[in-house]
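Subject: Structure handover

Hello,

Here is the structure you were going to look at. My notes follow below it.

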Amino acid sequence: MATFNNKTFKKDDDYMTPLYAWKDINDYIPKDKIIYEAFFGDGKSGEYLKELGCKNVIHKEIDFYEYCDKLEYDLIVSNPPFSDCKKILSKLKQVDKPFILIMPSSKINTQYFRNDFKNTEMQIIIPKKRISFIKDNKKTSSANFDCFYYCYKMNLKKDIIWLD
């Protein structure tokens, strides 16, 4: 039986999204919409989205909670800080705009996710492998957990899409 008694866990949300993770879902990101990449991180995700053909990307180092209901945008595409997902999802439900978020697959089993998004237009894109996030400008080994792309009000052709 495994034990965690000798482990020290640190809340650490500065894992950045590699370009390939956005390329994997490039066909599902509308290029003609105003996209808000809400969580700045190292600033590269906004650059990646533009590189992939998104014409209008808002990606500034501003407070998500203060500005997500003040900015003019059509959808959010982002990798939010996982430790704050409960609060982020609650705010997104309140704002009620389409989004694509990279989050751990386990989020779908939380009560807060169920309470906010049960019986809504939630769809999921499942990557073919675990994402190797970037930490301190270095690619990490793949995460020790699976992530999904959670898609809200994106009108995808299927509710669950398995990437090849």
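A polar contact here is a pair of N or O atoms within 3.5 Å; within protein, one of the two must be able to donate a hydrogen and the other to accept it. By that cut-off, a polar atom of the His59 side chain meets the backbone nitrogen of Gly46 at 3.1 Å. Please keep in mind that this is a predicted model.

The chain as a whole

The chain has five helices and nine strands. Starting at the N terminus, the order of elements is α-β-α-β-α-β-α-β-α-β-β-β-β-β. Of the 164 residues in the chain, 46% are buried. The accessible surface is about 9,800 Å², and carbon and sulfur atoms account for 46% of that surface. Among contacts with a separation of 6 or more, 66% are between residues 24 or more positions apart.

His59

Where does His59 sit? His59 is in the loop between strand E2 (56-58) and helix H3 (64-67). His59 counts as buried because its relative accessibility is 15%, and the limit for buried is under 20%. Besides the Gly46 nitrogen at 3.1 Å, the His59 side chain reaches the backbone oxygen of Phe40, at 3.4 Å. Neighbours within four places in sequence aside, His59 is in contact with Glu37, Phe39, Phe40, Gly43, Lys44, Ser45 and Gly46. Phe40 and Gly46 are therefore on the contact list as well as being polar partners of the buried His59.

Aromatic rings

How many aromatic pairs does the structure hold? There are 11 aromatic pairs. One of them is Phe82 with Phe133, an edge-to-face pair with 6.1 Å from centre to centre and 80 degrees between the planes. Phe82 is in the loop between strand E3 (75-78) and helix H4 (85-95), and Phe133 is in the loop between strand E5 (122-126) and strand E6 (134-135), so this pair ties together parts 51 residues apart in sequence. Phe82 and Phe133 are both buried.

Another pair is Phe148 with Tyr150: the ring centres are 5.9 Å apart and the planes are at 50 degrees, so the pair is tilted. Phe148 and Tyr150 are both buried too. These two residues also belong to a cluster, in which ring pairs link Phe99, Phe113, Phe117, Phe148, Tyr150 and Tyr152.

Two lysines lie over ring faces. Lys87 is over the face of Tyr65, 4.4 Å from the ring centre. Lys135 is over the face of Tyr15, 5.0 Å from the ring centre.

Salt bridges

Side chains of opposite charge can pair when their charged atoms come close. The structure holds three salt bridges.

- Lys91 and Asp69: the closest N and O atoms are 3.3 Å apart. Lys91 is in helix H4 and Asp69 is in the loop between H3 and E3, so the pair links distant parts of the chain, 22 residues apart. Lys91 is buried because its relative accessible area is 14%, whereas Asp69, at 44%, is partly exposed.

- Lys153 and Asp96: the closest N and O atoms are 2.8 Å apart. Lys153 is in the loop between strand E8 (147-152) and strand E9 (160-162), and Asp96 is in the loop between H4 and strand E4 (99-104), so the pair ties together parts 57 residues apart in sequence. Lys153 is partly exposed at 25% relative accessibility, and Asp96 is partly exposed with a relative accessible area of 33%.

- Arg130 and Asp146: the side chains meet at 3.0 Å, N to O. Arg130 is in the loop between E5 and E6, and Asp146 is in the loop between strand E7 (138-139) and E8, so the pair ties together parts 16 residues apart in sequence. Arg130 is partly exposed, with a relative accessible area of 33%, and Asp146 is partly exposed at 37% relative accessibility.

Regards

Conventions: Residues numbered from 1 in each chain as written. Predicted model: local features only at pLDDT ≥ 70, side-chain atom pairs only at ≥ 80, totals over all residues. Heavy atoms only, no water. Helix = DSSP H or I, 4+ residues; strand = E, 2+ residues; numbered from the N terminus. Buried < 20%, exposed > 50% of the residue type's maximum accessible area, 1.4 Å probe, protein only. Contact = heavy atoms within 4.5 Å. Phe/Tyr/Trp six-rings, centres within 6.5 Å; stacked < 30°, edge-to-face > 60°. Lys NZ or Arg CZ within 6 Å of the ring centre and 35° of its normal. Salt bridge = Lys/Arg side-chain N within 4 Å of Asp/Glu carboxyl O. Areas by Shrake-Rupley, 256 points an atom, 1.4 Å probe, with all protein chains shown as cover.
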